[in-house]
Amino acid sequence: MEFVSNPCIRCGKERIKGTERIISVSSAKAKLTTYICPDKSCQKIVDAQLAAKEERRLAFTQRRNQYPPRKKAA
Ligand SMILES: [Zn+2]
């Protein structure tokens, strides 16, 4: 197994293995491992940032799919 460095985007500490879950992707099973920062308070901030980012991305994608842009967003 090769070692992949996965430093925290915020503090740069090497991440530790967090939760593992099995997801089904088109009838195939895949293992999804989440790596988290060893610093709990740091990980909290990173989580919040990621959630906000993901939310924006989803909102953007949904808007684009539902309504073709007619005018430039303010
Ligand atoms: Zn960190």
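Predicted model: local features only at pLDDT ≥ 70, side-chain atom pairs only at ≥ 80, totals over all residues.
Me: Is H1 largely in the open or buried?
Reply: Largely in the open, because the number buried among its 27 residues is one.

Me: OK, Cys 42. Which helix is that in?
Reply: Cys 42 is found in H1.

Me: Is Cys 42 buried, exposed or partly exposed?
Reply: Partly exposed. Cys 42 has 17 other C-beta atoms within 10 Å, and buried would take 20 or more.

Me: What is Cys 42 in contact with, leaving aside neighbours within four places in sequence?
Reply: Cys 8, Arg 10, Cys 11 and Cys 37.

Me: And Ile 9? How far is that from Cys 42 in space?
Reply: 9.8 Å, C-alpha to C-alpha. In sequence, Ile 9 and Cys 42 are 33 residues apart.

Me: Switching to strands. How many bridges join E1 to E2?
Reply: Eight, and the two strands run antiparallel. E2 is residues 28–36, while E1 is residues 16–25.

Me: Which residue in E2 is the bridge partner of Ile 22?
Reply: Lys 31.

Me: How many residues lie between the strands in that hairpin?
Reply: Two. In this hairpin, Ser 26 takes a positive phi near 40°.

Me: Last one. How many residues of E1 are buried?
Reply: Zero of its 10 residues, and E1 is hardly covered.

Key. Residues numbered from 1 in each chain as written. Buried ≥ 20, exposed ≤ 12 C-beta atoms within 10 Å, placed from the backbone. Helix = DSSP H or I, 4+ residues; strand = E, 2+ residues; numbered from the N terminus. Contact = placed C-beta atoms within 7 Å. Pairing = 2+ DSSP bridges.
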